[in-house]
Amino acid sequence: MARIRVGVAGCGSVSARHYLPDLAASPYVELVAVCDTDESRAVSVAGNNGVRQYYTDIDAMLAGADFELLCNLTPMREHGPIALKALRAGRHVLNEKPLAVNLHEADALLEEAARRGLVVTAAPNAVLSPTFRAAAAAIASGEIGKVCAARGRYGHSGPHEPWFYKSGGGALFDLGVYNVVTLTGLLGPAVGVVALSGIAVPRRTLHGEEFSVEADDNTTLLLDFGDGVQAVIQTGFVYPRRAKGGAGYDDRATIELLGTSGAINWLGYDWEPHGIELCTETSDNWETRAVDQHGYTWKNGGSALARSLALGERSAMTAEHAYHTLEVMLGALESAATGRRVALHSTFPWPVLEPEDAMTSATAVNE
Ligand SMILES: NC(=O)c1ccc[n+]([C@@H]2O[C@H](COP(=O)([O-])OP(=O)(O)OC[C@H]3O[C@@H](n4cnc5c(N)ncnc54)[C@H](O)[C@@H]3O)[C@@H](O)[C@H]2O)c1
């Protein structure tokens with residue numbers, strides 16, 4: 001079986017605890033090298049996952065290691081610059097979310113990838129879940145009528161490193177991004193956005209040090225999909241901690257889709273789904289679907305892209321969708337800052353899933 005040779009940039013929390021074990025377990029992946037500016041992290045992640053080469057400089061890894069796909073798991077501000085270097089060095093790229101932190105960087109990534117015939121895209125991989133497929137199929141079939149109103153909510157008490165609270169971070173880029181991908185993935189490209197956003201908890205303490213929050217930690221945005229179709233997304237680092245289950249606030253009813261003749265409620269988070277509940281005007285009860293995730297998890301964006309590349313299949317996670325998601329988020333922050341509605345211009349291949357793909361159950365990422 002063809003394996004895609006993979007290099008990883010960033011050996012922090014997401015890399016060490018989530019992506020590396022998933023990549024190491026994939027039959028489509030040969031892990032070649034890892035890189036972190038913190039040498040101890042690079043050494044540890046390489047050693048724990050049987051990776052023979054480690055680097056402390058991305059330029060050195062791109063020049064010295066033989067791999068085809070870079071998984072870029074560095075902080076958000078590094079996504080654009082590192083991905084551009086990788087594309088210029090002839091590598092496909094999967095960025096953790098977001099694709100970049102401004103459209104100038106994102107434009108450069110899409111242009112470079114197109115020029116070189118390479119794939120660039122970004123997490124989240126929410127459109128790959130069987131739950132997303134079930135919802136997309138129900139909408140495409142007209143089962144719940146025209147979806148005119150939708151709602152997403154994702155927040156918690158805040159992440160573990162100070163950079164999440166600095167410029168280029170914030171709750172929308174870290175958490176709201178999931179709901180933006182899910183709702184645009186289901187309803188199509190949005191044409192406008194209006195938002196309120198701000199810093200509700202201005203001082204934080206992490207690792208024993210107090211610091212000022214610089215990126216918005218509380219955002220509410222309204223999306224206009226045209227034809228009278230609207231969605232609202234709420235996201236924040238300012239929600240309560242739950243007694244059990246870590247920092248996550250509440251994984252019930254995180255996504256709600258209201259159609260003219262039926263409705264869908266998400267079970268679990270869109271990044272960690274447990275299925276959907278669906279009812280129509282003629283059903284007596286909510287029907288539960290797509291409970292089995294067939295191996296899908298939020299952490300297998302890298303292995304899923306490696307699988308697509310190995311099999312020569314188109315991935316449902318497109319560069320254009322990642323770009324549109326970024327435009328929505330930047331537009332929301334602009335709207336909040338100016339008090340004006342912001343028009344959105346980008347689009348992406350939609351439906352995200354071909355109707356026949358949406359109808360079939362998901363293929364497990366490792367099959
Ligand atoms: N923390 C989460 O729960 C979570 C979940 C999903 C996705 N993400 C995303 O994953 C990415 C990483 O998040 P994290 O929580 O692992 O952060 P982290 O701060 O724990 O790890 C980032 C790592 O990147 C390294 N790094 C920074 N600049 C670098 C450079 N130029 N070259 C090489 N390495 C560099 C840092 O030394 C650090 O080890 C972010 O984009 C984040 O948005 C985080």
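Two residues count as in contact here if their C-beta atoms, placed from the backbone, lie within 7 Å. With that in hand, welcome to this predicted model.

**Two domains**

The domain assignment divides the chain into domain 1, residues 4–122, and domain 2, residues 126–292 + 317–359. Taken over C-alpha atoms, the centres of domain 1 and domain 2 are 25 Å apart. Where the two meet, 17 residues of domain 1 are in contact with 16 residues of domain 2.

Which elements give two or more residues to the side of domain 1 that touches domain 2? They are α4 (76–88), α5 (103–116) and β6 (120–122). The largest share of this side, four residues, is supplied by α5.

**Around the ligand**

Now let us turn to the ligand. The residues around the ligand number 23, and those that come nearest are Gly 10, Gly 12, Ser 13, Val 14 and Glu 96. Both α1 (13–25) and α4 supply at least two residues of this shell, and α1 gives the most, with three residues.

Why does the ligand shell lie between domain 1 and domain 2? It does so because domain 1 (4–122) and domain 2 (126–292 + 317–359) both give residues to it.

**Residue classes**

Here is the make-up of the two sets of residues, by class.

Terms used
Residues numbered from 1 in each chain as written. Predicted model: local features only at pLDDT ≥ 70, side-chain atom pairs only at ≥ 80, totals over all residues. Domains from an automatic or database assignment. Near = placed C-beta within 6 Å.
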